Amino acid sequence: MPITPATATHSSSNGTVEAILLELVDEDGNTIGTAEKLAAHQPPGQLHRAFSVFLFDERGRLLLQQRALGKYHSPGVWSNTCCGHPYPGEAPFAAAARRTYEELGVSPSLLAEAGTVRYNHPDPESGLVEQEYNHLFVGMVQASLRPDAEEVGDTAFVTAAELSERHEKDPFSSWFMTVLDAARPAVRELTGPSAGW
């Protein structure tokens, strides 16, 4: 397995090396413990807290991200603007804003909560399992993107119609349609009826 920012350990402020931990939750989203990131994704998967961000431009187009080829989970596939996991004790909103900046080099000009969704999506390519209690966020992006090449392979702004065409021909993450469908009410409120979401 390649060593990437997601699978590597990271150094803490005192110089020691720590594993990346996720918050384990119950079916209601209450924290019940922690697990190392890769271990939480091994079959059958441990239910953990996650977030998904959907950012739109002023024309109502969704910013998609193609995951970098070096990522251990779902490399090279297209997905929503940003997704990830809060650190234990980190608010999902803060984690969503932090990771959006870390991955794409921009801070949303607007970011709002859009509900939660719980799912269990095995990834046949990697053998890993996304067993997640996912906090959804929608917002706007107005600044120029500066993607981190270790995280992001490519980006694209798409209309609802363009997304349908792209989804038929390009590989997308196993969780993408689940999180998009769950976020649609908030997306429609944000973008208006003419955007077609």
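Predicted model: local features only at pLDDT ≥ 70, side-chain atom pairs only at ≥ 80, totals over all residues.
Is Cys 83 buried or exposed?

Residues are numbered from 1 along each chain as its sequence is written, and side-chain values use heavy atoms, leaving out hydrogens and water.

**Whole chain.** Show the cartoon. You will find 4 helices and 11 strands (DSSP runs, numbered from the N terminus: helices are H or I with at least four residues, strands are E with at least two). The radius of gyration is 16 Å, close to the 16 Å of the globule rule for 197 residues, so the protein is as compact as a globular protein of that length. That radius is taken over C-alpha atoms, and the rule is 2.2 Å times the number of residues to the power 0.38. Turn to the C-alpha trace: its principal axes span about 50 × 35 × 35 Å.

**Burial.** Colour by accessibility. Of the 197 residues, 51% count as buried. Buried means under 20% relative accessible area, exposed over 50%, and partly exposed in between, with a 1.4 Å probe and protein chains only.

**Cysteines.** Select Cys 82 and Cys 83. The whole structure has 0 disulfides (pairs of cysteine sulfur atoms within 2.5 Å). For Cys 82, the nearest cysteine sulfur is that of Cys 83, 6.3 Å away. That is too far for a bond. Cys 82 has 1% relative accessibility, so Cys 82 counts as buried. Back to the opening question: at 17% relative accessibility, Cys 83 counts as buried.
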